[in-house]
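The sequence and structure are shown first.

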Amino acid sequence: ENAGELMSVAHSLSQPADSYVNDPNLEMMWAMKAYQHAEIYFNLICSVDPKFLKLTREDDQIYTEFRKQFRDLKIDILDPEKLKSEAAKLQWRPFCLQFETLIEDFNYGTLLRLDCSRDYVEENTIFATRIQFFAIEIARNREGYNTVVYERSTKAKAANVDDKIIEVSTNLEEPLDQPAALANTAHS
């Protein structure tokens, strides 16, 4: 059954774009893949200091071009209009197209957080192209905006470890119950 579904999806994906209809199965598969990508990325910035992350082999070029073309774009809390308005699309299009041959699936749909200090939740997520995601997240990493997520995660993990240490040390301070059989043999 799964092989048949995969063949059907492969066949659908090989069709010209104008033959697509809104197939709920394809939309669900895309949504699942986009969510998995978002979840993996968020877990990554929670686990590794984002200042040291390298998302692609082209990070330097992406960052340089992004800040050259979007010098004043506020990236800590994105304004959706700066990505989605007609004026924004005209500005983003040439930026994105320059990476067409450098970044695989550069125009693939991804999920992007609006407020980089928060998790991927519905009200904090916007649809963007993969190259927009890379440009903004590389800039957030290099400019220190994603550090708040890493630090919060690190503090939470440390607090959790501290709680476990306190729990263990508290348990060790309590007298151990000696089984009756051992207690009786100790006095004989």
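## Basis of the model

The model is predicted, and local features need pLDDT of at least 70, side-chain atom pairs count only at pLDDT 80 or more, and totals for chains, interfaces and linings use all residues. Residues are numbered from 1 along each chain as its sequence is written, and side-chain values use heavy atoms, with hydrogens and water left out.

## Overall fold

The protein has eight helices and two strands, where helices (H or I, at least four residues) and strands (E, at least two) are DSSP runs numbered from the N terminus. Along the sequence these elements follow the pattern α-α-α-α-α-β-β-α-α-α.

Of the 188 residues, 31% count as buried; buried means under 20% relative accessible area, exposed over 50%, and partly exposed in between (1.4 Å probe, protein chains only). Among the contacts with a separation of 6 or more, 68% are between residues 24 or more positions apart, a contact being heavy atoms within 4.5 Å.

Two packed helices are described by the angle between their axes and the distance between the axes. Here, axes are lines fitted to C-alpha atoms, for helices over the stretch in contact, and angles run from 0 to 180 degrees between N-to-C directions. Angles under 35 degrees count as roughly parallel, over 145 as roughly antiparallel, 65 to 115 as roughly perpendicular and the rest as oblique.

The axes of H3 (residues 59-69) and H6 (residues 130-142) come within 9 Å and cross at roughly 90 degrees; the two helices are therefore roughly perpendicular to each other. Asp59, Asp60, Ile62, Tyr63 and Phe66 of H3 meet a set of H6 residues that includes Ile131, Phe134, Ile138 and Arg142. The buried residues of H3 are Asp59, Ile62, Glu65, Phe66 and Arg67, and their cover includes H5 and H6.

With H2 (residues 24-47), the axis of H6 comes within 13 Å and crosses at roughly 10 degrees, so H2 and H6 are roughly parallel to each other. His37, Tyr41 and Ile45 in H2 meet Phe133, Glu137 and Asn141 in H6. This contact divides into three nonpolar, two polar and one charged residue.

## Ile45

Ile45 lies in H2 and is buried, with a relative accessible area of 0%. Leaving aside residues up to four places away in sequence, Ile45 touches Pro50, Leu53, Arg113, Asn141, Asn146, Val149 and Tyr150. The C-alpha atoms of Ile45 and Val149 are 6.9 Å apart, although 104 residues separate them along the chain.

## The second largest pocket

Thirteen residues, given as 13 in the count, line the second largest pocket, and Lys89, Trp92, Cys96, Thr129 and Gln132 lie nearest its centre. The elements giving two or more residues to this lining are H4 (81-84), H5 (86-97) and S2 (125-129). H5 gives the most, with five residues. In this account, which uses a 1 Å grid over the protein atoms alone, a cavity is a set of points where a 1.4 Å probe fits but cannot get out, and a pocket is an open set with protein on both sides within 12 Å along at least five of seven lines; lining residues have an atom within 4 Å of a point.

## Asp105

Asp105 is found in the loop between H5 and S1 (109-113). Its phi is near 55 degrees, a positive value in a residue other than glycine. Asp105 is partly exposed, with a relative accessible area of 43%.

Methods. Ala, Val, Leu, Ile, Met, Phe, Trp, Tyr, Cys and Pro count as nonpolar, Asp, Glu, Lys and Arg as charged, and the others, Gly among them, as polar.
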